[in-house]
Amino acid sequence: MIFTELRFIPFLLVVFGVHWLLPGHRSRKVWLLICSYVFYAAWDWRFLSLIWISTLVDYLVGLRLGALPPDDPARRRWLLVSLWANLVLLGTFKYLGFFVESAIALLDWLGIGADPWTLRIVLPVGISFYTFQTLSYSIDIYRGRLEPVRSLLDVALFVGFFPQLVAGPIVRASDFLPQLNRARRLDDVVWRSCILLFLSGFAKKACISDNLSLIVDEFYLHPERYDLLATWIGILAYSAQIYCDFSGYSDMAIASAGILGYTIPLNFDFPYLATNIREFWRRWHVSLSSWLRDYLYIPLGGGKGKPWHRNRSLMLTMLLGGLWHGAAWRFVLWGGLHGAALAAYREYNDRVPARFRGRVPVAVATVATFGSVALLWIPFRATSMADATTVVASAFGQGAGTTSADWRLLVVFAGLAAAHWIASSGKPARALVRAPGWVFAAWVGIAIACISAFSARAVEPFIYFQF
Amino acid sequence: MQPSPHASIAMRAVRTLILIASGVIFFAASAAILRNVLPAPLTTEADRRRLVFERASPPYDTVFLGTSRTYRGLDPAAFDTRTAAAGRPTHSFNFGLFGLRLFEARRVLKDLLAADREDRLRFVFLEMPPANWALERENLQSDRVIRYHDWRTFVDILRYLNQDPQTSVWSGWPRVVPLMENQANRGLGAAAFQSLAAGEDGVDDFIEQGAAELGDRGDGFQPLDQALSRADGDARERMEERHRLLLPSPEEWEESIEKLRKQLSAHQTVTDVAIELLAELSALVDQQRATPIFYLAPGFTPQWDVRGAHERGSVPALLAFDDPDRYPELYDRSLYFDKGHLNERGAELFSVVLADAFLDLQGP
């Protein structure tokens, strides 16, 4: 079930209605858990078992960790059980086929014949997201930052809560579990913000991302055919598509949780307005980048130590971050390039005096950062390294393609950029939230009419579902 | 004095309902404005045929609107040759669409007539759609179905089902889905964006994509045996299987003819709503200063008995080819690709027979 599918609306309304009609806090939690599993089973009920395994392992590990004294060496072993169980699940279902194929390719390259066989393992939707969530639960208990939860229901709902189950945001146990201790109140729901966020997320996904996918799919099918203008339109289209796709999903997830009385942290903070690559990563997929920072980068040494050590930690984190996105070398390359850009920016910060750095106008820094990010999306989206090279060459005028595109699409992108910039101030949203009731109702009616008319005819799956 | 909690809840509920009603009103008004402002999308086969019809030079003056029985079984070239030989030449176009239903025909006809910008249309042949109102579940959200499910059509369908003794009015409720999507203009703006992305050549590309379906002469006619000879892969296998399964053996063929004779005397009664719709189609063509001619195509699919309606004047001109005793030459097994469709030879013969009947209808 996809948030922009017609059947999601009655599903959400039923979940919402029954949730608030149920009398007790516990019964509401049971209801939400059942609905979450139904939501997931709409894809493939068989993979519910993986969620249950992950939930149960971390629930039991959490209890064991809580029962042991802080200095007991057995705590480390129990943490390893959680790490092992979750990473085996992730490794088997997401990466095994990739590693086997890579190993065969390597052996072949070395001249050692290997039987060419391919594993056909279906990727369970959301596995990258919920395994990271459950890992954070065990690690936080191990670090003494979180008390283990006695209720299996609460842990199961934390892992399986349907708004964020399949494509994030990656909710931290410390953010979500305390919310399950207190009964939610209908009066606490911030209706207007939720409606606003849901509709803006829907518009981003259905009206922008899904429509742009037509251009992007066509472009990346034969990138060698296109000239300079068409290539840049293809690059810009994918940059807008992936942002609107993923941030749109996150907005709808946050809003869906909001009307049920739960708070999910922000996942995107207008990342294309970042003035440098580090700021970009503080605004893009915040729940993943902060997870990688807290559970990978800092344990690897973080920003401490010699420059070489710091950059090594950064590169390793970004390479693994790239691999998290998909079992393919192009994702690793994408992560590596971002790691290199982050390391270069750090060096620039360390070496160039602040008085010179401050002279770069914000607009120039923003455009340069966006341009870099847009170019770095090329290996992420291209279907092969050869295609990625072709697109990069065409983007710098070295392509042989002759097919052009309608320049008016650049006006569409300028409009999107302007909307992104205007929305970042928060003023339009604040004005709507504070407007008289009938103004808000009118805006909702008009917005739904526009979203419906401009929604793509085919509902595309969310890009991040494959991760 | 503080209002009681119950009064407060009631006030909030009333206020919420008023706000929801305001939202619905603004939605409906915005959707209506968008419907009139946004350009017509080019997504369906009807759009493609309309564009070809509109761009034809010299313009067509005769058009055949109907189901796949028209599309596969009516050869405009054979028809035109016959009328030219009789000294009353026509230039005709086949506007046959798979599974065209009576409720959809109004929308298609309106668009078709609007495309006749130079008022060159003289004759509009309207095939009586089969007596089948049902719609496959998988088609409920197709562009084509959404396009014609406006309020008026939806109400007509419910009225029709209410009048039909063999169906229940409730069986029409799945059509609420396309109605909602129609009212919300689903995909209308996206199609406009798509045409922008496709550039100036988009319309030509759109026509070109379906050029094969328009037949060798581009007049909209493509017989099934010709389509089979050009198909490959899965499509060819499907067509061959259809040919094998749906063309009965000679013995079964005779039985089917016998059954058809019995059916003729017990044709499905046409309802008042259907008659109203037929009269409306007729009036639309009249307004264009063209002549509407209804016809019942040869074949074995049960059809509405519109002879009564014709006698009462609701259907002004009717040519019926559904009687195997009156037109035995059209019921020869060798002229059929399957039980529902003529083959190329059959189409040629039917077009000549139709032209003759048309010339007779016109008088000396």
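Colleague: Which residues does B:S68 touch, not counting residues up to four places away in sequence?
Modeller: Contact means heavy atoms within 4.5 Å. By that rule, B:S68 touches B:G73, B:L97, B:F98, B:G99 and B:H341.

Colleague: What pLDDT do side-chain atom pairs need in this predicted model?
Modeller: Residues are numbered from 1 along each chain as written, chains are lettered from A and ligands numbered from 1 in written order, and side-chain values use heavy atoms, without hydrogens or water. The model is predicted: totals for chains, interfaces and linings use all residues, local features need pLDDT of at least 70, and side-chain atom pairs need pLDDT 80 or more.

Colleague: Is B:S68 buried or exposed?
Modeller: B:S68 lies in helix α3 (residues 68-73) of chain B. Helices (H or I, at least four residues) and strands (E, at least two) are DSSP runs, numbered from the N terminus. Buried means under 20% relative accessible area, exposed over 50% and partly exposed in between, with a 1.4 Å probe and protein chains only. At 12%, B:S68 is therefore buried.

Colleague: How are α5(B) and α7(B) oriented?
Modeller: Axes are lines fitted to C-alpha atoms, for helices over the stretch in contact, with angles from 0 to 180 degrees between N-to-C directions. The axes of α5 (residues 102-114) and α7 (residues 151-163) of chain B come within 9 Å and cross at roughly 150 degrees. Under 35 degrees counts as roughly parallel, over 145 as roughly antiparallel, 65 to 115 as roughly perpendicular, and the rest as oblique. So α5(B) and α7(B) are roughly antiparallel.

Colleague: Which residues of α7(B) make the contact?
Modeller: α5(B) brings B:F103, B:R106 and B:K110. α7(B) brings B:R152, B:T153, B:D156, B:I157 and B:Y160.

Colleague: How many residues apart are A:W284 and A:W377?
Modeller: Rings of Phe, Tyr and Trp (its six-membered ring) pair if their centres lie within 6.5 Å; planes under 30 degrees apart are stacked, over 60 edge-to-face, the rest tilted. The count over all chains is 64 aromatic pairs. A:W284 and A:W377 form a tilted one, 5.1 Å centre to centre with 55 degrees between the planes. A:W284 sits in the loop between α11 and α12 of chain A and A:W377 in helix α16, a separation of 93 residues.
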